[in-house]
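Take a walk through the model shown here.

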Amino acid sequence: MSYFSDIYGGIKTLLTGMSVTGKYFLTSRKGAITQQYPDNRESLKMFERFRGEVVMPHDENNEHQCTGCQKCEIACPNGSIEIIWDRGIDEATGKKKKKIDKHIYHLGMCTMCGLCIEACPTDAIVWAQNFENSVYDRTKLTKVLNQPGSKVKAGIED
Amino acid sequence: MTRFFSITKNIHEWLFDLMPEGLARVVEMILIAVVYLLIFSVAGLYLVLLERRVAAWFQLRIGPNRVGFQGLLQTMADALKLVSKELTGTERADKFLYNLAPYFVIISSLMALSVFPFTKDFQAFDINIGLLFLIAISSIGVIGILLGGWSSNNKFALIGAMRSGVQTISYELSVGLSLLTMVLLAGSLQLSEIVEVQKGGWLIVQGHIPAFIAFMVYMIAGTAETNRAPFDLVEAESELGAGFHTEYSGMKFAYFFLAEFINMFIIAAIATTVFFGAWLSPFGITESIPILGVLWFLGKTLILVFLMMWFRWTFPRLRIDQLLTLEWKYLLPINLVNIVFMAIVVLLKITI
């Protein structure tokens with residue numbers, strides 16, 4: 001008797017499948033996932049998990065959260081990150097303290113693996129959602145992430 | 001409608017005045033053939049566009065919408081590109097058969113179009129064995145595919161062509177038997193007669209349960225006949241490159257492609273004629289204006305074409321043994337039982 005139940009099952013799964021695609025067909029006008037890219041350049045927003053490039057966010061006082069611990073530099077598998085650091089006197093405590101001079105990021109070498117961002121203990125570097133990264137000169141792909149004159153946010157190391 | 005047909009009548013009389021009868025008849029046939037060729041090559045192109053848009057919508061995409069308004073000129077541009085491309089071929093291919101194959105396919109599918117009753121009196125060739133002619137012609141197309149696969153000197157093409165042979169010969173039975181079920185009800189093979197019978201109600205309504213089973217079997221087998229997904233073992237991109245037309249390029253490839261879509265139209269048009277009353281409107285609402293029959297015919301056909309696209313974009317491809325199991329163990333026995341069932345229904349006059 002499995003013959004007849006096979007036929008029944010066949011027709012049933014046929015209709016189930018067709019109802020799924022039928023629903024897609026009817027909602028495709030609103031929910032199309034295609035981006036008509038160059039046309040909607042202004043309004044196109046990449047999704048949150050998109051890996052565009054590594055950036056270091058600065059707040060309104062020009063303060064970042066990088067303590068210069070170099071964990072990102074060590075985590076990077078192909079040396080896209082170089083940190084030039086120095087020691088300076090901390091005003092609050094008067095002790096000697098490590099601080100970054102330049103956080104150099106080579107976008108041209110980066111494979112977007114995200115290990116640096118996972119390694120960062122203070123969330124100083126994050127993914128940006130921009131995607132138009134092409135330039136005519138290769139040297140423009142080497143970026144200094146910390147803005148000139150910026151300093152580390154107070155209390156981030158505690 | 002009367003005006004339209006008076007034009008054809010005038011041309012007919014003018015031709016017969018101008019030249020001897022035999023020659024006039026030949027010229028008339030050629031004229032009709034050219035008109036059909038023009039209409040259906042354009043219709044085929046638009047079916048390709050429809051397929052692409054519908055496929056896109058099923059997959060939550062947008063589809064081609066750049067060339068012309070909403071992409072309406074897209075396939076025209078594609079055809080133009082294909083015409084201008086170089087015709088390549090393999091070394092040591094059987095040149096004669098290689099060049100012959102695409103014409104076989106396209107001619108056999110265009111020949112089948114001649115018998116459809118698009119509306120009352122708008123039928124190029126109303127022979128009394130219409131349905132038999134259609135079944136016969138639709139199985140000739142496979143010779144073209146076999147020739148193409150055989151002669152292009154390519155293993156993948158040959159495998160594709162052989163699969164096509166297996167598939168078409170198997171599913172031919174189901175197509176023929178399911179149509180035969182309806183012939184039992186209609187009592188004629190002539191397409192205009194079959195339409196005439198349906199004036200009281202479409203055959204799928206008249207024949208209720210057995211007719212519906214026959215329709216389902218016909219649509220499955222018909223999809224297999226046209227070598228479309230989920231039965232596209234012939235082309236199976238992931239296994240065989242492009243199957244039997246791997247080695248074809250330019251316009252010869254376009255012929256295969258166009259023939260596939262015209263075949264789809266033909267399968268849907270046969271279903272429209274046999275199951276859904278061809279150009280007859282539902283409940284006879286436009287009975288008085290027969291020219292609207294063309295619209296009804298095309299409307300019903302397009303709905304069935306859409307149904308075929310629907311299962312194309314829903315189901316994955318079958319394996320060759322599953323394909324043959326489906327035909328020989330399921331469709332054919334169901335069909336044979338169904339034909340007896342229909343005979344009993346007709347004999348006891350329990351049709352609606």
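Two strands count as paired if DSSP finds at least two bridges between them. In this predicted model, strand β4 of chain A, residues 96–106, is joined to β6(A) by 3 bridges. The two strands run antiparallel. Within chain A, A:Ile104 stands opposite A:Val144 of β6(A).

Now widen the view to the sheet. It is open, with 3 strands of chain A in the order β3-β4-β6, and the pairing is antiparallel.

Next, the domains. Chain A is assigned domain 1 (2–34) and domain 2 (53–152). The C-alpha centres of domain 1 and domain 2 of chain A lie 50 Å apart.

Chain A also meets chain B. Here 11 residues of chain A are in contact with 11 residues of chain B. The chain A side divides into 6 nonpolar, 5 polar and no charged residues.

Where is the largest nonpolar core? Its 80 residues include B:Met182, B:Phe265, B:Ala268, B:Ala271 and B:Phe275, which touch the most other members. Several helices of chain B each supply at least two residues, among them α4 (95–113), α6 (155–186) and α13 (320–347). The largest share, 18 residues, comes from α11(B). Leaving aside residues up to four places away in sequence, B:Ala268 touches B:Thr301, B:Leu304, B:Val305 and B:Met308. Another core, of 15 residues, lies apart from it; A:Met56, A:Cys66, A:Ala124 and A:Leu145 are among them.

Note on methods: Residues are numbered from 1 along each chain as its sequence is written. Chains are lettered from A and ligands numbered from 1 in the order in which they are written. This is a predicted model: local features need pLDDT of at least 70, side-chain atom pairs count only at pLDDT 80 or more; totals for chains, interfaces and linings use all residues. Domain bounds come from an automatic or database domain assignment. Helices (H or I, at least four residues) and strands (E, at least two) are DSSP runs, numbered from the N terminus. Two residues are in contact if their C-beta atoms, placed from the backbone, lie within 7 Å. Ala, Val, Leu, Ile, Met, Phe, Trp, Tyr, Cys and Pro count as nonpolar, Asp, Glu, Lys and Arg as charged, and the others, Gly among them, as polar. A nonpolar core is a set of buried Ala, Val, Leu, Ile, Met, Phe, Trp, Tyr and Cys residues joined through C-beta atoms within 7 Å. A residue is buried if 20 or more other C-beta atoms lie within 10 Å of its own, exposed if 12 or fewer, and partly exposed in between; C-beta atoms are placed from the backbone.
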